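Here is a short report on one protein chain. Keep the sequence and the 3D view open while you read.

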Amino acid sequence: MTQATSQLPLSGIRVLDLSAYIAGPYGCALLGDMGAEIIKVEPPEGDNLRKYPSTLAAESRAFLGINRNKRGICLDLKTEAGYEVLRRLVVRADVLVHNFRPGVPERLRIDFATLHALNPRLIYCAMTGYGAVGPMARQPGYDQVLQAMTGMCASQAKPGGPPEILYGSVVDYYGAALISNAVSAALYQREKTGAGQAIDVSLLGSALAMQSARLVWAEGEPRHIERDMRSGGITGIHPTQEGYIYISANTPHFWRSLCEHLGLSELADDPEYDTVKKRAARANELIPRVRAALARDSAKAWAERFGQSVPCAVVNPVEDMFDHPQVQAMGFMGEYRNPQAGAYQGLRRWAVFGDDIGAAPDPAAEGAPALGQHTRDILSELGYADNEIESLLGSAAAR
């Protein structure tokens with residue numbers, strides 16, 4: 001643990017990550033970003049995310065991005081010896097996160113009741129698809145399955161078009177944020193009570209929480225009604241002479257500024273366009289004039305011209321974030337190392353605490369672990385002698 005890590009809010013907290021794919025593992029990574037020590041516990045076959053398609057030959061790009069700053073141990077929990085290692089880890093842990101379907105933890109003897117008896121202070125977080133109870137509790141849940149189920153794909157559809165997926169695993173990533181939030185809250189409560197507790201975070205709950213502005217049904221309203229918040233009209237992505245630019249001009253101030261920059265000052269004072277609602281209703285009249293003006297210059301030039309007077313952004317490819325001056329100024333990116341991938345750039349932080357505000361991130365850190373990379377070290381820390389470690393590795397209970 002570096003000096004900077006020891007100053008973070010969750011310094012001294014140990015998290016066991018038994019989860020796979022995105023939501024659970026990334027929730028643990030977020031806890032690690034706040035200073036917690038994360039031990040990733042994988043089965044002999046490893047996290048399936050390691051096997052996902054990737055243009056990075058040595059290791060899955062997704063696995064590297066999701067599992068930063070973790071130590072890795074490989075255990076076969078179906079063996080008594082592997083299960084005993086986990087028991088020792090649980091006794092020393094503060095948090096355990098998994099994403100097994102309801103019923104599986106009981107079969108593996110890692111349910112809350114069993115582990116709570118070993119460590120009454122343990123915060124036990126299950127990331128499920130649909131929740132711990134109910135008719136769908138034991139069904140497998142995945143990001144895009146929940147998108148389709150909860151109306152997200154229908155809402156994303158273009159007028160008259162078919163439902164559309166939101167790419168980028170948005171439900172998984174939001175679920176990860178809810179794991180981080182819920183575990184942090186439970187740790188705070190433990191400080192007051194001394195007791196651990198079980199937490200259930202689900203992809204269903206995450207998908208609904210993302211749509212709370214749509215999920216309002218007033219008394220007397222019909223069941224089916226327009227629920228989207230899109231302002232329409234000018235706010236959105238527009239083509240320019242070179243590239244695309246996103247513009248937001250919903251307030252009177254920003255609308256006036258946009259009109260002045262585009263040489264369309266007469267529109268700013270026109271009572272036909274003086275509210276967002278009116279501009280959305282007359283988008284067919286406004287958008288051709290706005291786009292004709294934008295076609296006079298490039299997206300980059302317009303963004304520089306708008307400056308602080310019109311909220312906007314050039315539509316960039318994601319790789320432009322590696323050396324974006326604002327990203328660099330905040331120290332969001334940094335260097336990692338992985339046994340297979342070697343050195344690579346990745347997200348280092350997303351929030352900055354205390355004296356770190358304005359400071360550069362730590363030097364190169366350990367990235368996502370290779371399968372079983374730290375097994376020997378962790379077993380030694382748990383009190384296993386060298387001959388016992390060799391026996392565990394030889395029996396395939398650990399790797």
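The model is predicted. Start with helix 14, which spans residues 283-294. Its 12 residues reach 16 Å from first C-alpha to last, close to the 16 Å expected at 1.5 Å a residue. A283, L286, I287, V290, A293 and L294 are its buried residues. Viewed down the axis of helix 14, these buried residues fall within an arc of 130°, so they line one face of the helix. An α-helix has 3.6 residues a turn, so residues three or four places apart point the same way.

Which exposed residues sit on the face of helix 14 turned away from its buried side? That face carries N284 and A292. On the buried side, the cover includes two strands and several helices. The strands are strand 7 (236-239) and strand 8 (244-247). The helices are helix 11 (252-262), helix 12 (265-268), helix 13 (276-281) and helix 15 (299-306).

## Helix 11, a partner of helix 14

Helix 11 has its own buried set: W255, S257, L258, C259 and L262. What do these residues pack against? Their partners are strand 8, helix 12, helix 13, helix 14 and helix 15. Helix 11 is also part of the cover over the buried residues of helix 14. Just after helix 11 comes G263, with a positive phi of about 75°.

## Helix 9

Helix 9 (170-193) has 24 residues. From first C-alpha to last it reaches 34 Å, close to the 34 Å expected at 1.5 Å a residue. Its buried residues are V171, D172, G175, A176, I179, S180, V183, A186, L187 and R190. The list includes the charged residues D172 and R190.

Look at both ends of this helix. Just after helix 9, G194 takes a positive phi of about 85°. S169 has a positive phi of about 55°, although it is not a glycine. Its relative accessibility is 21%, and S169 therefore counts as partly exposed.

## The largest pocket

The largest pocket has a volume of about 1,200 Å³. It is lined by 44 residues. Closest to its centre are A20, Y21, N99, F100 and Y142. By class, the lining has 21 nonpolar, 12 polar and 11 charged residues.

Which elements each supply at least two residues of this lining? They are helix 2 (23-33), strand 2 (37-42), helix 5 (104-108), strand 5 (123-128) and helix 7 (143-149). Helix 5 gives the most, with 3 residues.

Next, look at R109. It is placed in the loop between helix 5 and helix 6 (112-118). R109 has a positive phi of about 60°, yet it is not a glycine. With 31% relative accessibility, R109 counts as partly exposed.

## The largest cavity

How many cavities of 30 Å³ or more does the structure hold? The count is 1. About 40 Å³ of space lies in the largest cavity. Its lining is S231, G232, G233, I234, T235, A249, N250, V276, R279 and A280. By class, that gives 4 nonpolar, 5 polar and 1 charged residues.

V276, R279 and A280 of this lining belong to helix 13 (276-281).

## A loop glycine

G12 is found in the loop between helix 1 (3-6) and strand 1 (14-17). Is G12 buried or exposed? G12 is exposed, with a relative accessible area of 60%. The C-alpha atoms of G12 and E37 are separated by 7.1 Å. Along the chain, G12 and E37 are 25 residues apart. E37 is in strand 2 (37-42), one of the elements that supply the pocket lining.

## The chain overall

Step back to the whole chain. Its secondary structure comes to 18 helices and 12 strands. The C-alpha atoms fill a box of roughly 85 × 55 × 45 Å along the principal axes. Of the 399 residues, 42% count as buried.

What share of the contacts with a separation of 6 or more comes from residues 24 or more positions apart? The share is 66%.

Methods:
Residues numbered from 1 in each chain as written. Predicted model: local features only at pLDDT ≥ 70, side-chain atom pairs only at ≥ 80, totals over all residues. Heavy atoms only, no water. Helix = DSSP H or I, 4+ residues; strand = E, 2+ residues; numbered from the N terminus. Expected span 1.5 Å × (residues − 1). Buried < 20%, exposed > 50% of the residue type's maximum accessible area, 1.4 Å probe, protein only. Arc of directions from axis to C-beta. Contact = heavy atoms within 4.5 Å. 1 Å grid on protein atoms, 1.4 Å probe; cavity = no way out; pocket = protein on both sides within 12 Å on 5 of 7 lines; lining within 4 Å. Points joined across faces, edges and corners; volume = space filled by probe spheres on them.
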